[in-house]
Amino acid sequence: LGTFGGAGYSVLDTQEGADRFCAFARELVETYKNDERILMWDVFNEPGNSNRKSMSLPVLKRLFEIIRAINPIQPLTVGVWSETRHPEKLPEIERFGLEHSDIVSFHCYSSYADNVEILHRLKAFGRPIVNTEWLARCIGNTVEEIFPLFFAMGVGCYNWGFVAGKYQTYEPWDSLWARYEQGGGKDIDFTKWQHDLFRPSFRPYDPKEIELIKRFNHYADEKIRRDDRS
């Protein structure tokens, strides 16, 4: 596919493609703008990735204008992903997304310590925080460590994979295999799933993970009820 300065191709690079995408976004948000089942609108996934940098910024700005004009009851967000430990160093397109988001969202597949540092910095923005990409067991980002941390710091999270299936998101990224094949990545545990919580049989990958998630969700529900009564 065609590239621009090493950047990956995107349908948004053509006027027709951008127009159709924005029309789709307008129709989707307009349809569900008052639907309480929708938690939030994640306006753009990892803007600037695939070496695109600010190439998609005009479309990101256009999407915000469209959705703000619709005025949905749900908050808007764009996930911070490239400089999570140093928000002050964010590229232009991510900085725009963060500045125009109602809630802070971020991606992190790193360690417990890294997540603590990242959340410490993101808390400074004074907005609710949600992690929209996490869980990479094979490199130490586990349910046992990270999910209780999110609870303790009042951070929401959700998985982009659920049941192991055709997308094979339980498999480690190709980049992890490449790192290992090039002589690095000796600490990667390829015996573990990267993502997904359930097997194709709908049995848990690890029942202890599901028990932990249920337990901390129960604690979170109790806290919400206490706060509502106060």
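Residues are numbered from 1 along each chain as its sequence is written, and side-chain values use heavy atoms, with hydrogens and water left out. Because the model is predicted, local features need pLDDT of at least 70 and side-chain atom pairs count only at pLDDT 80 or more, while totals for chains, interfaces and linings use all residues.

Start with the sheet. Helices (H or I, at least four residues) and strands (E, at least two) are DSSP runs, numbered from the N terminus. Two strands pair if DSSP finds at least two bridges between them. Strands of a sheet pair through backbone hydrogen bonds, either parallel or antiparallel. Here four strands make an open sheet, ordered β3-β4-β5-β6, with parallel pairing. The edges belong to β3 (79–80) and β6 (156–157). Each has a single partner strand, so one side of each is left without a neighbour in the sheet.

Now take β4 and β5. Strand β4 (residues 104–107) runs parallel to strand β5 (residues 129–133), and four bridges join them. Serine 105 stands opposite valine 130 in β5. Helix α4 (residues 112–122) lies across β4 and β5. Its direction is at about 155° to β4. That angle is taken between N-to-C directions on a scale from 0 to 180 degrees, using lines fitted to C-alpha atoms, for helices over the stretch in contact. Contact means heavy atoms within 4.5 Å.

Next come the cysteines. A disulfide is a pair of cysteine sulfur atoms within 2.5 Å. By this rule the model has zero disulfides. Cysteine 138 is in no disulfide either; the nearest cysteine sulfur, that of cysteine 108, is 14 Å away. Buried means under 20% relative accessible area, exposed over 50%, and partly exposed in between, with a 1.4 Å probe and protein chains only. Cysteine 108 counts as buried because its relative accessibility is 5%. Cysteine 138, at 2%, also counts as buried.

Two loop residues close the tour. Asparagine 51 sits in the loop between β1 (41–42) and α2 (57–70). Its phi is near 65°, a positive value in a residue other than glycine. At 38% relative accessibility, asparagine 51 is partly exposed. Phenylalanine 202 belongs to the loop between α6 (174–181) and α7 (207–229). Phi is positive here too, near 70°, again in a residue other than glycine. Is phenylalanine 202 buried or exposed? It counts as exposed, because its relative accessibility is 61%.
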